[in-house]
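Let's walk through this structure together, from the overall fold down to single residues. Please have the chain open in your viewer as you read.

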Amino acid sequence: MAEKSPDPSGSSARRCPALSPGERLQPSASGSSKWVRLNVGGTYFLTTRQTLCRDPKSFLYRLCQADPDLDSDKDETGAYLIDRDPTYFGPVLNYLRHGKLVLNRGLAEEGVLEEAEFYNITSLIKLVKDKVRERDCKTAQLPVKHVYRVLQCQEEELTQMVSTMSDGWKFEQLVSIGSSYNYGNEDQAEFLCVVSKELHNQSYGTNSEPSEKAKILQEQGSRM
C-alpha cells in the first residue's frame, strides 16, 4: 500500500537540503563516478578517472585521489580548476588516453614539455625530450646554404656600406678594380665587395619575399 504524502502545511513535512553543483558531481558511496571534469585555463575537458590515473606519480593522479596535500579548488560546476594553458593540455590528455604524442600544426614540443613537467608525467617528459633531441640533431645535420652578392662601390662609399649591413649579411671579400674616374685632384678607387647570407632550412626553389635590405643590395649589385 502506497504511503500517503504528508500534509504540506503540517509540522511533519521536511525539506531535503539542496546540494551544490560541486556536491552533485561527487561520487556516491555505492559507486564512484568514472567521469572527471577539468577547467584548464577557462577551457573544459571531460575525461575518466582511469585516464588521469595512468601515471601514479603525476599531479592528475593525486587530483583524482583527493590528496589532502594538494590544493585543488573547484568552480561553480564542480570542475577542478587548473591554471595552465589549455592549448597544450590537449596533447597531454590525449597522450594519457592512448599513449601517443600527437601535435597539431603550430604547436611546439617545448610547450608540451613544459606541461608534462608541471603535471609530472614522467613517460611523456622522456618522450618529448627525445623528440626535441632528434629534431635538433636533424636540423644540425642540414647543409648550410649561402646566397652571395657582389656590390660595386667607390672608396668613399665602402666604409658606410660595410658598417650598415644587416639582416644576416656579412662581409666576405673586397676586390680592388682600380680607379674609375677623377674627383678634383684625387683618383677615386673602385671596389667589388662580396657579401653573403646563410639560408637556414630553405631550399633554393623557395619563393620568399626579400627584406628591404636585401632589395637594396640586389639593386646595387644589378648596376654592375
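Predicted model: local features only at pLDDT ≥ 70, side-chain atom pairs only at ≥ 80, totals over all residues.

Residues are numbered from 1 along each chain as its sequence is written, and side-chain values use heavy atoms, with hydrogens and water left out.

Let's begin with the overall plan. The chain has 8 helices and 6 strands; here helices (H or I, at least four residues) and strands (E, at least two) are DSSP runs, numbered from the N terminus. Along the sequence they follow the pattern α-β-β-α-α-β-α-α-α-β-α-β-β-α. Of the 224 residues, 29% count as buried, where buried means under 20% relative accessible area, exposed means over 50%, and partly exposed is in between (1.4 Å probe, protein chains only). Contacts, meaning heavy atoms within 4.5 Å, also tell us about the fold: among those in the chain with a separation of 6 or more, 59% join residues 24 or more positions apart.

Now turn to a pair of helices. Two packed helices are described by the angle between their axes and the distance between the axes. Helix 4 (residues 86-98) packs with helix 5 (residues 109-119) at an angle of about 70°, and their axes are 9 Å apart. That makes helix 4 roughly perpendicular to helix 5. For these values, axes are lines fitted to C-alpha atoms, for helices over the stretch in contact, and angles run from 0 to 180 degrees between N-to-C directions. Angles under 35 degrees count as roughly parallel, over 145 as roughly antiparallel, 65 to 115 as roughly perpendicular and the rest as oblique. The crossing of helix 4 and helix 5 is right-handed: a crossing is right-handed if the near helix is turned clockwise from the far one by less than a right angle, and left-handed if anticlockwise.

Which residues in helix 4 and helix 5 meet? From helix 4 come Tyr88, Phe89, Pro91 and Val92, and from helix 5 come Gly111, Val112, Glu115, Ala116 and Tyr119. The residues of this contact between helix 4 and helix 5 divide into 7 nonpolar, 1 polar and 1 charged. In this grouping, Ala, Val, Leu, Ile, Met, Phe, Trp, Tyr, Cys and Pro count as nonpolar, Asp, Glu, Lys and Arg as charged, and the others, Gly among them, as polar.

Glu115 deserves a look of its own. This residue of helix 5 is buried, with a relative accessible area of 6%. Leaving aside neighbours within four places in sequence, Glu115 is in contact with Arg84, Asp85, Tyr88 and Val92. Other buried residues in helix 5 include Val112, Leu113 and Ala116.

Next, color the aromatic rings. Rings of Phe, Tyr and Trp (its six-membered ring) pair if their centres lie within 6.5 Å; planes under 30 degrees apart count as stacked, over 60 as edge-to-face and the rest as tilted. By this rule the count comes to 5 aromatic pairs. One of them, Phe45 with Phe89, is edge-to-face, at 4.9 Å centre to centre and 70° between the planes. Phe45 lies in strand 2 (residues 43-48) and Phe89 in helix 4, so the pair ties together parts that are 44 residues apart in sequence. Ring pairs also link Phe45, Phe59, Phe89, Phe118 and Tyr119 into a cluster.

Is Phe45 buried or exposed? Phe45 is buried, with a relative accessible area of 15%. Beyond its neighbours within four places in sequence, Phe45 is in contact with Val36, Arg37, Leu38, Val40, Pro86, Phe89, Gly90 and Leu93.

Finally, follow the chain out of helix 5. Just after this helix, Asn120 takes a positive phi of about 60°. Most residues other than glycine have a negative phi. Asn120 lies in the loop between helix 5 and helix 6 (122-141) and is partly exposed, with a relative accessible area of 33%. In helix 6 you will find Val132, which counts as buried at 13% relative accessibility. Val132 is in contact with Glu109 and Glu110, leaving aside neighbours within four places in sequence. The C-alpha atoms of Val132 and Glu109 are separated by 6.6 Å, although these residues are 23 residues apart along the chain.
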